[in-house]
Amino acid sequence: MYKIEAIIQPFKLEGVREALKAIQIDGLTITEVRGHGRQKGHKEVYRGREYNVDLLPKIKLEMVIPADRKDEVIRTLIGAARTGSIGDGKIFVSEIADAIRIRNDDRGEAAL
Amino acid sequence: MSYRIVTGLLLLSSALFARAPEGIEAELAALRAAVKSSQSAGDNAWMLISSALVLMMTGPGLALFYCGLVRKRNVLGTMMQSFAMMAVITLVWAVCGYSLVFGEGTPFIGDLRYLFLRGVGAEPNAAYAPTIPHQTFMIYQLMFAIITPALIAGAVAEPGRFGGMVLFSAFWAFLVFFPVAHMVWGNGGFLNAYLGGKVPVFDFAGGTVVHISSGFSALVTALYIGKRRGYPSQQMMPHSIVLSFVGACLLWVGWFGFNAGSALAASSLATSAFVATHFGSAAGALSWMLAEKLRKGKASALGAISGAVAGLATITQGAGFVQPFSAVLIGLIAGAVCFYMVTAVKDRFGYDDSLDVFGVHGVGGLIGCTLTGFFATRAVNSALKLASGQSAPLGVIDGHWMQVPNQLTGAAIGIAFAVVGTLIALKITDLIVPLRIAERDESTGMDLTLHGEEGYNFEA
């Protein structure tokens, strides 16, 4: 099992969700987050004073998937979230030791 | 035939005239009373609406305009500083404030003839507003006394402490607003152009009384209380231009009550002031946007509304004296100069007037006071009469150059009272309660530490 964390541009969320649905990835958690990578921020000007806005709004998607679907999911995410410009986001992949369904004690991939 | 008719008519008319005196006199008296009462009804309706409009400028207008410009943690505290004036100044006004402004008294301060509003009832006060109840006049003028200290609070919106600022505002009303308002508008006031002043100043709706006095007091208060912690190295972005936007639009609408209401009647002068107000505001908004576009590359929403407020503050003094295109010119100058004040001059001097009360109201008020001396004309306002009974020339465009030094004297006296009175009020307050929020509380924010609430409660 792998956990995929994808940080994407907020306006890409709809497209990414549709793409994941199309390959039957149904379990998904979404958070509104703020942060920056190399993109850094932008400048805003209020009454002539410049402010650096470093922390940009992004969407973080988290999903835990069976091991054999990892590459497919990553390919789908990239395909749906890429614009080619700076600020497109990142995908992090980590191994998951176990998963438990609270309702009935299912374990491992059966719980996904 | 015609001889008969003429005779008949003569007979008829002589019969009428014989019976006339009593009946017609009584009817004329009844007619006069009816005309007077319907004029009073019209004027009173407009003045009550104007009173409500001016109150709306403080809450929610100014409260929203200001609270959007502070950080999230100070949103309620900033709104409260405006709102508290609606409560505190009202009571001070009722007890003795009204009397100190509009009682005849001395040239510098009124007397106590209207203490506890004694004698302020349905009967009009002929010297001030002969067609509306004295009580309407009283409540209308109160709204000006409320908004003026509420404006000052914007200069220390984030470091100011609630209790200290409220107490300061009460002292300030006595030391600055009451004397300045009496001098300009009170019967026998030193600067009153209409009721026996030594130096005649034209201040239609409070350019000197409200904007110069609050703007310069704001600068003194900002310097006295000091910068926000971390200013200017730390970023202190406005948290919601949306709130400020709504507030500024309410201010614009409320300002019709402020300026057009200052005609104190539903008259053509009120219309003229209404038009000048609207044109001044529009020109101010446009001019600030253009200046910003040229200097910074983008015309911002905050810039547009700041320009409108600058235009409104600047046209206030001359609203009932100037023609529509003079108002446009005044607004254009206001937008550009105030933009320069808050973007360049403030940084050069390094003071932290957190919401630019000085740059917009103080400077706008001063420009408006001076330009009224140029553009005031009897073509708009013919109330001031010469000894011969003709209407007096008002400003430079009427050929009356002396009005400019008169206006500047008025402004100088207003500024002197504002600076000295504010310093005294701050010193006295400082001896009783702290004026500045504690260092630790400043980073947590006023909302939680001073009011025990949060503006945006995400756990609710």
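**Figure 1. Where chain A meets chain B in this predicted model.** Chain B puts 11 residues into the contact, and chain A puts in 7. On the chain B side, helix 8 (301-315) and helix 9 (324-349) each bring at least two of the residues that touch chain A. Sort that side of chain B by residue type and you get 4 nonpolar, 4 polar and 3 charged residues.

**Figure 2. Strand 5 of chain A and its pairing with strands 1 and 2.** Strand 5 covers residues 56-65 of chain A, and it pairs with strand 1 (residues 2-8) of chain A in the antiparallel sense, over 7 bridges. To find your bearings in that pairing, look for Glu5(A), which stands opposite Glu62(A) in strand 5 of chain A. Strand 2 (residues 29-35) of chain A also pairs with strand 5 of chain A, again antiparallel and over 7 bridges. Here the pair to look for is Glu32(A) opposite Ile59(A) in strand 5 of chain A.

**Figure 3. The helices of chain B.** Along its principal axes, the C-alpha trace of chain B spans about 105 × 50 × 50 Å. Of the 460 residues in chain B, 56% are buried. Among contacts in chain B with a separation of 6 or more, 74% come from residues 24 or more positions apart.

**Figure 4. Helix 10 of chain B, end to end.** This helix takes in residues 357-375 of chain B, 19 residues in total. At 1.5 Å a residue it should span 27 Å, and its end C-alpha atoms sit 25 Å apart, which agrees. Helix 10 of chain B is mostly covered, with 19 of its 19 residues buried.

**Figure 5. Inside the largest nonpolar core, and a second one.** The largest core holds 151 residues, and those touching the most other members are Leu62(B), Ile146(B), Ile147(B), Ala155(B), Leu251(B) and Val309(B). Helix 4 (residues 162-185) of chain B gives the most to this core, at 15 residues. Zoom in on Leu251(B): setting aside neighbours within four places in sequence, Leu251(B) is in contact with Met57(B), Gly61(B), Leu62(B), Phe65(B), Val309(B) and Leu312(B). A second, separate core has 13 residues, including Ile4(A), Ile8(A), Leu61(A) and Val73(A).

Note on methods. Residues numbered from 1 in each chain as written. Chains lettered and ligands numbered in written order. Predicted model: local features only at pLDDT ≥ 70, side-chain atom pairs only at ≥ 80, totals over all residues. Contact = placed C-beta atoms within 7 Å. Helix = DSSP H or I, 4+ residues; strand = E, 2+ residues; numbered from the N terminus. Nonpolar A, V, L, I, M, F, W, Y, C, P; charged D, E, K, R; others polar. Pairing = 2+ DSSP bridges. Buried ≥ 20, exposed ≤ 12 C-beta atoms within 10 Å, placed from the backbone. Expected span 1.5 Å × (residues − 1). Core = buried A, V, L, I, M, F, W, Y, C linked by C-beta atoms within 7 Å.
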